[in-house]
Amino acid sequence: MKRQFFIIAISLLLSVSLFAQTGVIRGRVYDKKNNEPLPFVNVIVVNQSIGAATDLDGNFLINGVEPGFYILMASFIGYKIAYSAEIQVNNARSAFVEIGMEQQAIEFQQVEVRPSEFLKKIDAPISVQKIILSDIEKAPGANRDISKVIQSFPGVGATVSYRNDVIVRGGGPNESRFYLDGIEIPNLNHFATQGSSGGSNGILNADFIETVDFYSGAFPANRGNALSGVFDFKQKSGNKERANHRAVLGASEMAYTVDGPLTERTTYLFSVRRSYLKFLFDVIGLPFLPTFNDYQLKTETVFDPNNRLVILSLGALDNNRLNLGIKNPDEQQRYILNYLPESDQWNYMIGAAYTHFRGKSFQTYVLSRNMLSNKSYKYANNDDSAESNKIQDYVSQEIENKFRFENTWRDRGIKITYGVSGEYAKYNNTTYQELYLANSLFVKDYSSDLDLWKYAAFGQISKPFFRDRLTLSVGLRGDGNTYSKSMSNPLAQLSPRFSASYILTEKLNLNFNTGRYYQLPSYTTLGYRDSVGTLVNKFNDLKYISSDHFIGGVEYITGIDTRISAELFYKIYQRYPFSVTDSVSIATKGGDFGTVGDEEVVSTGTGRAYGFEFSGRYRVLQNISGIFSYTYVRSEFENSDGEYIPSSWDSRHILTLTMSKMFKGNWQTGAKWRFVGGSPYTPYDLNKSALVAAWDTQGRPFLDYTRFNRERLGNFFQLDIRIDKSFNFERWSLLVYLDIQNVFNSQAEQPDIVLPVYDASGNPVILNPGDPLDDQRYDLRSIANTTGTILPSIGITVDF
């Protein structure tokens, strides 16, 4: 009887999903320059035979859409063809999208119909990738983590599997900036490395994201303080009709998202997430137990067609504890327990963007505040019974209060953007750390309080010529701050940029960009003090870092959904902070947890990164699509002898192939294969590391900076696969996926683990216990170290 009931229930479940398979697309079409609604616009679903026309208020409704991912095309006499962002349709909620259209001054035959991800930005025609919704939702191996999705795109390198460093075209992980609906967010990851960008898991909830514009060059003038990458995340708007709910059980966290109307004019999105990594790691016996929590909020108020207000907030709380309850830890577990500190970190951002449309222009006012609190501590032998056992105690905060004004004017194909920005920043730091320097024990013990004002002005003009075949864009930006006299004059940090794009044939474009970009060193470097309180790096005349870009490329549009591009790039770095202690550029640091930059430096570092990219998107038979990219990159910085040494990001070869296929019955499969060339690494100074006095200060070996990055790890490849199945019911939908990372169990070579030999009582063996303490040495041994394992996970998403 029970078996019959089960069969009947499954049959009903499948039958309901078969008979409730369509959704609704609602939207609005408007004029880009003044936000006025456009009536009678023809809107169609790309690659489908359905569509609608807008009403007098620019609104449209398309019924009977099969569940899936779609792009809409809008056409209207006197306007350029426009495309929407990619949207997801299911029956649980109506999809809403806005399409902005630009007037066409001169009528001419269109060169080619191109979907939205291929449309050029007039002010950045090169080195821009659009990450669309399906890239995020269905990416194999990413588990809807934005930071991991980014690593699949051209020019983006990768470090070890447990970190989300964003390494663009050979630049360091601290060289990118991130914007959410035009408001800057300082941290993209949980357990962020202070002074850099890396971490363990992405902080942004994928449920909010509509599209991402990823710039690896040709940065717009209104986006400053970046040397290698700019990421513009655009979020969805809340549903205007009713509240919608989404519950997600992912590979590492649980999430709940709700969106809907607050008032007649205001919509909202809100989500909370909590990880269960602590439970999983404890079960499998890992020596550390991380927990992360976050929230995300967006409200959008449309007062009238000419005035709009967006309020955002984003926050995270991260804790990491050592798993001291492991019984009889093995060598690797003991090694990690002996050097890894415990940490508490939290951060938040809250901001508002007000947009006013007037005539042929619109003005945007952005006000925001963000704060990071970072604490880490370590006790010798993990014995916290007395404060005197503490060998590391670090507490730091960063606070930024920002304002930016922009005016954007459009007419007859011309786009002019200009504006100003101001920022008040505070940084404080209390550090106690035992170090071993110059063959003796040294205690870094200082406190620092720093505040400064930052200011900038920018402008950019872009215009098409020769019936839109040639597009030119010129921009200029100047930045300054009150940290020091040498940084105070924006004229000393003038940042010009120039881009050109030419449509050579109906399918072939030639693109070019050059520019100089500036970035302020991290607060950890700005605020570093010695034991008597001197701002050491200010005394050393610390300066802005500069990078000159030269980029050229071709783009071949082979079809509506297919594009191939190739680009050459060359970057020249100057005035990079150079470590006085280690005699290497800070650019090569930042690939580990904790902090980077809190040391004495001088602004003498120089370097270069160069190479080429070959990439493309493709779609075959409307149900097979994918991305391929190959990047050859060299990243090198000069040492104290003027010799170019490979940086830690000099992977040389990065190849990524992704593919997905849709099947009947709402099944989808996807695969990603990635090859990464071996990274350089620095051998250990085993003579210094064996000293008891040295080893006890950090619990792991010391790098031999006289042989910095002289060795190279082996190449690595990984295959990830994902299988999705969605069920659509009358008022709710269910998505279940199986994601398997590293199907072939590939092992990535890492530097050997060096640790002391332990006796039967668990104490490290000292070779010469009768000698003076400063001369005593541990008996060290090396064990091979690799990372990589097959990692299957199941995800469940419920929309209702």
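## An edge-to-face pair

At 4% relative accessibility, Phe637 is buried (under 20% relative accessible area, with exposed over 50% and partly exposed in between, using a 1.4 Å probe and protein chains only). This is a predicted model, where local features need pLDDT of at least 70, side-chain atom pairs count only at pLDDT 80 or more, and totals for chains, interfaces and linings use all residues. Residues are numbered from 1 along each chain as its sequence is written, and side-chain values use heavy atoms, leaving out hydrogens and water.

Tyr576 is buried too, at 1% relative accessible area. The ring centres of Tyr576 and Phe637 sit 5.6 Å apart with planes at 85°, so this pair is edge-to-face. Rings of Phe, Tyr and Trp (its six-membered ring) pair if their centres lie within 6.5 Å; planes under 30 degrees apart count as stacked, over 60 as edge-to-face and the rest as tilted.

## A stacked pair

The structure has 25 aromatic pairs. In one of them, Phe178 and Phe231 have centres 5.4 Å apart and planes at 25°, so they are stacked. Phe178 is buried at 2% relative accessible area, and Phe231 is buried at 0%. Along with Phe214, Phe178 and Phe231 make up one aromatic cluster.

## Arginines over rings

Arg334 lies over the face of Tyr758, 4.3 Å from the ring centre. Arg608 does likewise with Tyr644, at 3.8 Å from the ring centre. The criterion: NZ of Lys or CZ of Arg within 6 Å of the ring centre and within 35 degrees of the ring normal.
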